[in-house]
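Dear colleague,

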Amino acid sequence: MTRTKPFLCACLGSVLVFGTSGTLAQAPAPPPQGPGLLQPQQQQGFEATGQLPANYTPEEAAAVALVKRLIDTTNTKDLAAHMALVDDNVIHRGDPVEALGHGARGYCSAYGFIRSNAWVRLDELYAVGGPSETLVLHKRTDINNPAGLEGSLGGYPVEVAVLARVRNGKLIEWYDAPIARVGFAGPGNSRPPGGMRVPEVCAKYPVAQAGQAPVAPRGGGPPQVHPVAAPPGFGMLGYGVAKIESRFNPGEAAAAQAVRGWFAAWQAGNPLLLGAFVDQSMDFRPTPTSELVKGRDALLRSVCATMGGQLNLTGLHVIGDYFQTMVIARWDRIDAAGTRTRMGSFFRVRNGLIVEWMDTPLAGAAPVTANPNSAACQTVTTTLAAFPPAPAAPPAVAQPPR
């Protein structure tokens, strides 16, 4: 398969690096040296955009192995082995238009590839992790039912960005997002998670919340899966773990700049500048265990009390295209006493604006001092009072027939 971008290939245990980074106009201080960072590569914002597998932390190496095993068991259609890697309380979402789902039963229902004739290929992979948990951002190409079999896509490849959170050797969160437009669904979280049906083969797996009774499958049993050979060029070899910034596509470049702007505004304690980088209807999670909260105004009210102070952005990894891009970042939160907390962040970006965000500690708990009376919060209160939300549209009135 011909590649047009520089990449680092993890092939049969050897590592080949293609491409070099651009020069910096001004020599910065040396970047942080540490596990998981690609050295000495530097980028415009001084943070690493690629990785060397040899520099993975133990937790990152284990999480990468788990993700590869998830891909393998998808293609071998080994449901039991696949679900053995999934936490009983996994958070899942097969598409950004869905609400968050909870529990292994829902994940099994939503992750239909393993019960179909679809094949998936791992194209890119980046890990940001530590003792608490690891974020793995990877790009997957799906062949949704190869040509000649059932299925409306008939073998058409779909490129997907995937976020996996891994803790204690289990998948605790799974997000899929097509990076090019597929289907006709609009933005927002409007669909229930995992569809409306629990296949019989998934009914034995637990749910995370009470009251989620399985629905009887259609047709009296699980779907038939035909033995199909992988399409030419599919497999585990050749996935990229390094992508220099000069080779970002326009969607990835815009997403990287939006995330850099987010961190700059956060460190400056400027909530209005932060708001300039996010979509008005964005989704966010105040903690990794929270449900989604919607809206830029709600975000600014939520974060203003903790904005400001020193931070150090050391890694930025992006996967996307013209429709949307997913980003994971590695950074240090530094308190007034100089104590560093290793952090990871997830962003989803569309049209150059952040439409989803979540922070998570990578090592230990993140000590945060909140000040609801801070200057940032006073700015948010004053600004939002001056720009009240638009009134809700009145319900549509049926027109009499003519």
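**Helix α1 and its surroundings**

Helix α1, which covers residues 58–76, has 19 residues and reaches 27 Å from its first C-alpha to its last, close to the 27 Å expected at 1.5 Å a residue. Please keep in mind throughout that this is a predicted model. Within α1 the buried residues are Glu60, Ala63, Val64, Leu66, Val67, Leu70, Ile71, Thr73, Thr74 and Asn75.

Thr73, which lies in helix α1, deserves a look of its own. Its relative accessibility is 0%, and Thr73 therefore counts as buried, the cut-off being under 20%. The side chain of Thr73 reaches the backbone oxygen of Leu70 at 3.1 Å, and, leaving aside neighbours within four places in sequence, Thr73 is in contact with Asp78, Ala81, His82 and Ile114.

Just after α1, Lys77 takes a positive phi of about 60°, and Lys77 also lies over the face of Trp119, at 5.8 Å from the ring centre.

**Arg93**

Arg93 is found in strand β3, which spans residues 86–93, and with a relative accessible area of 1% Arg93 is buried. What does the side chain of Arg93 meet in a polar contact? The partner is the side chain of Glu356, and the contact that joins the two is 2.8 Å. The charged end of Arg93 also sits over the ring of Tyr175, 4.0 Å from the centre of that ring. As for Tyr111, it is 18 residues from Arg93 in sequence, and the two are 9.1 Å apart in space, C-alpha to C-alpha.

**Aromatic pairs**

A search of the whole structure finds 12 aromatic pairs. For the rings of Tyr107 and Trp174, the centres are 5.2 Å apart and the planes stand at 80°, so this pair is edge-to-face. Because Tyr107 lies in helix α3 (residues 104–110) and Trp174 in strand β8 (residues 170–178), the pair ties together parts that are 67 residues apart in sequence. Both partners are on the buried side of the cut-off, Tyr107 at 2% relative accessibility and Trp174 with a relative accessible area of 4%.

Tyr111 and Phe113 form an aromatic pair that is likewise edge-to-face, with 5.2 Å from centre to centre and 70° between the planes. Tyr111 is buried, with a relative accessible area of 4%, and Phe113, at 13% relative accessibility, counts as buried too.

**The chain as a whole**

The secondary structure of the chain comes to seven helices and 14 strands. Of the 402 residues in the chain, buried residues make up 48%, and the accessible surface comes to about 18,900 Å², of which 58% belongs to carbon and sulfur atoms. Among the contacts in the chain with a separation of 6 or more, 63% are between residues 24 or more positions apart.

Technical notes. Residues are numbered from 1 along each chain as its sequence is written. Side-chain values use heavy atoms; hydrogens and water are left out. Helices (H or I, at least four residues) and strands (E, at least two) are DSSP runs, numbered from the N terminus. Buried means under 20% relative accessible area, exposed over 50%, partly exposed in between (1.4 Å probe, protein chains only). Contact means heavy atoms within 4.5 Å. Accessible areas come from the Shrake-Rupley method with a 1.4 Å probe; for residues, only the protein chains shown count as cover. A polar contact is a pair of N or O atoms within 3.5 Å; within protein, one must be able to donate a hydrogen and the other to accept it, and residues adjacent in sequence count only if both atoms are side-chain atoms. Rings of Phe, Tyr and Trp (its six-membered ring) pair if their centres lie within 6.5 Å; planes under 30 degrees apart count as stacked, over 60 as edge-to-face and the rest as tilted. A charge sits over a ring if NZ of Lys or CZ of Arg is within 6 Å of the ring centre and within 35 degrees of the ring normal. The expected span of a helix is 1.5 Å times one less than its number of residues.
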